[in-house]
Number of protein chains: 2
Amino acid sequence: MSNSQRRLEAVKQHISPEQEYRNAIDPVISMNEERAKAAFDIRSLTYLLDGGENITLLKEKVMQELERDPLFKMDDVYDLSKFEIRERTMEKFRSMLHHLQNESVDQFKKRMEIVSLIDPGFWTRFGVHYGLFVGALQSNATSGQLGYWFEKGALSLNKFIGCFAMTELGHGSNVPGLETTATFDEASDQFVIHTPTLTATKWWIGGAAHSATHAAVFAQLIVKGKRYGTKCFVVPLRDPKTYNLLPGVNIGDIGKKMGRDGIDNGWIQFTHVRIPRGYMLQKHTKVSRTGDVKEPKLQQLTYGALLQGRVTMVADSGHVSKKALTIAIRYAAVRRQFASSNANGVETKLLDYPIHQRRLMPLLAQTFAMLFTGTEMTAMYNYMMSRLDSAKEGDKDLDEVIEMLKETHSTSAGLKAFCTWNCLSTIEACRQACGGHGYSAYTGLASMYQDFAVQCTWEGDNTILTLQLGRYLISSYREALKGKKLSPGVGYLNNLHSLIGRRCKVSNLDDILSFDVIAEGWQVVCAHVVKNAGSEFEECLKRGLNVDDAYEQCSQSRLYAAKLHSFNYLFNRFADAVRKLSGNLYAVLKTVCLLYGLYTIEENAGAFLQYEYFTPAQIEFVRMSVNDLCRQVRDQAIPLVDSFNLSDYAINSPLGRKDGNVYVHYFEQVKRSNPQGEHPYFDRLIKPLIHKQSNEDDYEEELAGLEEEEEEE
Amino acid sequence: MSNSQRRLEAVKQHISPEQEYRNAIDPVISMNEERAKAAFDIRSLTYLLDGGENITLLKEKVMQELERDPLFKMDDVYDLSKFEIRERTMEKFRSMLHHLQNESVDQFKKRMEIVSLIDPGFWTRFGVHYGLFVGALQSNATSGQLGYWFEKGALSLNKFIGCFAMTELGHGSNVPGLETTATFDEASDQFVIHTPTLTATKWWIGGAAHSATHAAVFAQLIVKGKRYGTKCFVVPLRDPKTYNLLPGVNIGDIGKKMGRDGIDNGWIQFTHVRIPRGYMLQKHTKVSRTGDVKEPKLQQLTYGALLQGRVTMVADSGHVSKKALTIAIRYAAVRRQFASSNANGVETKLLDYPIHQRRLMPLLAQTFAMLFTGTEMTAMYNYMMSRLDSAKEGDKDLDEVIEMLKETHSTSAGLKAFCTWNCLSTIEACRQACGGHGYSAYTGLASMYQDFAVQCTWEGDNTILTLQLGRYLISSYREALKGKKLSPGVGYLNNLHSLIGRRCKVSNLDDILSFDVIAEGWQVVCAHVVKNAGSEFEECLKRGLNVDDAYEQCSQSRLYAAKLHSFNYLFNRFADAVRKLSGNLYAVLKTVCLLYGLYTIEENAGAFLQYEYFTPAQIEFVRMSVNDLCRQVRDQAIPLVDSFNLSDYAINSPLGRKDGNVYVHYFEQVKRSNPQGEHPYFDRLIKPLIHKQSNEDDYEEELAGLEEEEEEE
């Protein structure tokens, strides 16, 4: 409602000027105004994002259950010590176990998705056992071994909690370089697990400090003096009756971290710890009673399970961004700052400032891109895994499955990296967009950053993952030159001849506002940067470098190619999803998707100009269009974040309250968390400091040193 | 030393292959190798950065004193609760007071600079009184009032600790929009300080929760029903004898924050609190006994003191970046990962990876740019303030001083914003460059991020500050069009005619590696973007918008212009400083400065291509040169961070230890902070969870479900 309309309305309703002013700045009224702007059916968008009405209902059920579960109280965690958080996190196992035993796998996965948004520390602690430890069994154990460990309690947590002991103090990304040894002792039919050096100490092991009875330990298999590389072994750590450490096992607490203090990361040193031969998980490599080692023919097929984590993190980056943006955008809809000259002293909503739209609307668009891409990536992964499970060595479609595995491996690597980076930047941008209040623990964005930051490192350091994708792009490029037909994600490299040198051929600047033009532009620049990286690589080979060194030398070009390829991929998944829609939902998401496409072009304008897909004038048009699209998306910003459908409990930030009543909720939260009371250290610390000299104090009326001037005039 | 040289050396010295391998991976030996590469005198660079040998010696003295002061123990802070940190922070006042009373102002400033690096929370708590409260007195009190408050104990902390009560729950950046009222009551010759609404609650007030006896309160002056805008009033909060709140004063604790928990931020509500008229600070606006209000003629002159904070933060961004990069670069010099195929299993140093050089070397270069710019900015500010102090209304050089004030105001606004953003990104990049260990609290980068993040918001929200600079650039541009000669920082706008359309005219690509070419390029793109922003602004005016709305409409262009202008400024200050050098110091810093210049061009390639200063081929050369310069700077990286001359105590991170012995120090730190002991909650929480069913457990030798296959062959 414009200011003059509002005044007219006030006059009609006999509202006093003061009441009129109070209404104008009332945050709840402001929020309702925004909500009334919805130009599409919010509920339909929620169903679309969730994957159907039934999933939305399930998510709502889970949010309500968690909200009512006293163990999942979340608004007081910021003032708990690390020990208190750890205890509370452990307590939550109970109710999660209950659900695990009574829900379908799909239902439980959705539950965990919500839990990861609400309590990332607990999600990690629970996930270390059910995701990593059980996952290690599933990927590496024979079916008999799997049955044995499940029988032993690994699935029911019966005298059993597992952890996943891969990384070491001196070794992270380079798994083949791990130092821990597992030496076969034929005489006793045992493996001896040993930590030979300080740097071989298992490090960052989630659940090791206080939770786990067993560890899936990755160690160098040594049989008859020969090394066979890194394999996985189940090693008992503690007596489940007493939780005393078993002989030869030394464990300590890694202690305080940037975030996720609910998970008890630990370090482990093994000193000649003996385990039965059968505790080596032998689905792939087998060691017989007499020390014969049988290695698998296709090592690649063992990697599939490792991709689950990074695929999940693409979707998670979308989910966490939803939460951060709900807070920042709802706050921006009610926070007012600086009065416009023609508004009778009513300050302007942050959301009405073009610069604030510029800070948040592109990130909102990016969130949709990550959500649709996450859905697509998950489907691609599931399909690939089902094909992989049924494929046998020697099958005729195995080659196709391996191609699919390679593409999923590389695409998920790049997307994991860029989506987690995007999400971390989004959280920080949202935090800064809340001004000073973003620095308060109680507004939720600070801890969201601290909890999320680890995602850029774990399950593959982001930079290393981007280089994996870059390597795949270069090798795909070289294969394409040799005439091989590539898989769809890199299919454009089969088309280099027509893409290189292509320019945007629109007759009107307005025609740039099209999915096809944007998609073409991305293909063209990607073709260029992949070709450049490929040529650089070949020149390195010509200069005599070996393949690995050549790849290292062109790593900056690999990273650049991987970055543009990933943005291209994200845009196309978003556009594909929008193309399937119709009606109002199509209309609103088309605008959001165009904003995403043009914003990413603007951010990478250098590439679009360097490869001359766009002219300088067209790029200037892109810049102006981003402003314009930000303004358009701003109008639907509150309905869009409403469609994310996160409850106030799940958002856990007074600034992101659905009702818009941010100041009341925030003040109450701060008071509840910090009850007023006696001064904690006046007598001990302040009194001796400031009562050193004698002095009279008088607060009575006085001039206080002010010289009175004679009145002039 | 190359691998073959090393082996030759080993043979000569009869070293066993195993000892040879151990030497090759020994972190201390690796660090010494790096240090031996120094191609310049490290100590001379330290003197240059510090501003002379005497300042270096002073800083070293301060670091040693702090290290030996038990109150300044810093390696255990990560495991303290907020209350423990607050208490410890308060205790430190004692030793700082001692130094304050026994050192010169300049010496004490250097001490505070070191303290801010070592304990930002304490620095803030101490700075709230001495920087903000005393600063408010100095800027706003008459000399008589200043004497009165100093007499009263404000300088000696005698029954007196001050705080600075500006921001409110609903009002941050818009100081004129504050709601707190100070109403003159002529009958009693008093002001009544009042918080009329919830959103008027003073918020974020550092020191209010538990430290302060008095507040400098910013409130709306109301005299005889008329509002005169926001003025500053000293309001007593607590009885210094008991620390009980005074009548009408309600104070609470803001509680947990993202960082800096050593400072006790609080909220304050005033309910009709009466203070003597003389407690209004009346250097500028005066209120007489009879309620006559006399306002200053030149409001602008009152702003000078507000700039101190942002000027300091430019230099601070450099200092904090020094600390972060010392950690990440020293770690990269000893951390090894992945074996190169021709290195006999010795893994490669992170620092030898081109991609890792790309992650850190440009940030190292940027740190130098911020340090030299900080020095220059401080000098500019001091000169301006000295001129301002001596200038009187009506003086003939007052116009010049006001121009200078405007330039300092705007330049410092932009630099504060971009330098704090740069620094925050640098910390996070350094944290991620340390891999998983960057997530540990004990490696120091996590808390550095959390402590520093607030700098992007306080003393002026960064986005708003960039817009201030953008507004100044547009108005300078318009003045230049009218023929006015501008001050040096924006002097290039007097030269638009020759800059617009100018292209890089080098005959050899190698000639791009020149300060002059880079500086010219920056001037050209800045001229273009400022002109564009100015034209956009004028079009808005033509469309009928008022000045303020027109500025809002072109805010994205303002921000863009401010960004490029600031990078231009940073490059030029760096280049100016290098041009004054000679010998080896010149040689090394020239390379670092070229890297900075070309890296910033690469990052803003879109602008350089859009305005056609560089061709696509030249931009490609810039990209390749950045790779090359990163490699060159990498060779001097350890000597360069050594020149920052921060002691191990000041760095407070085992990964940044000067001796390179990172794993030993890190493991010791983790063990010291997390002593091994009894399980904290096994009986209460874990036992009931995992001992639900009966089960036999046996860890003896067994096949554990593994089906034995018959040996084939």
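Here is a short chat about reading a few features of this predicted model.

Reader: Which residues does UniProt mark as "binding site"?

Author: The unreviewed UniProt entry puts that feature at Thr167(A) and Gly206(A).

Reader: Okay, take Thr167(A). Is Thr167(A) buried, partly exposed or exposed?

Author: Buried means under 20% relative accessible area and exposed means over 50%. Thr167(A) comes out at 25%, so that residue is partly exposed. You'll find Thr167(A) in the loop between strand 1 (162-165) and strand 2 (181-185) of chain A.

Reader: What does the side chain of Thr167(A) reach?

Author: The backbone oxygen of Trp203(A), at 2.8 Å. Leaving aside neighbours within four places in sequence, Thr167(A) is also in contact with residues including Gly172(A), Thr201(A) and Ile205(A).

Reader: And where does Gly206(A) sit?

Author: In the loop between strand 4 (202-205) and strand 5 (214-223) of chain A. With a relative accessibility of 10%, Gly206(A) counts as buried. If you skip residues up to four places away in sequence, Gly206(A) touches Val128(A), Cys163(A), Ile263(A), Asp264(A) and Asn265(A).

Reader: Switching to chain B, how are helix 10 and helix 11 of chain B oriented to each other?

Author: Look at the angle between the axes: over 145 degrees counts as roughly antiparallel. Helix 10 (residues 307-334) and helix 11 (residues 354-390) of chain B cross at roughly 155°, with axes coming within 8 Å. The two helices of chain B are therefore roughly antiparallel, and their crossing is left-handed.

Definitions and conventions:
Residues are numbered from 1 along each chain as its sequence is written. Chains are lettered from A and ligands numbered from 1 in the order in which they are written. This is a predicted model: local features need pLDDT of at least 70, side-chain atom pairs count only at pLDDT 80 or more; totals for chains, interfaces and linings use all residues. Side-chain values use heavy atoms; hydrogens and water are left out. UniProt positions are given in the numbering used here, feature names are shortened, and annotations may be inferred rather than shown by experiment. Helices (H or I, at least four residues) and strands (E, at least two) are DSSP runs, numbered from the N terminus. Buried means under 20% relative accessible area, exposed over 50%, partly exposed in between (1.4 Å probe, protein chains only). Contact means heavy atoms within 4.5 Å. A polar contact is a pair of N or O atoms within 3.5 Å; within protein, one must be able to donate a hydrogen and the other to accept it, and residues adjacent in sequence count only if both atoms are side-chain atoms. Axes are lines fitted to C-alpha atoms, for helices over the stretch in contact, and angles run from 0 to 180 degrees between N-to-C directions. Angles under 35 degrees count as roughly parallel, over 145 as roughly antiparallel, 65 to 115 as roughly perpendicular and the rest as oblique. A crossing is left-handed if the near helix is turned anticlockwise from the far one by less than a right angle, and right-handed if clockwise.
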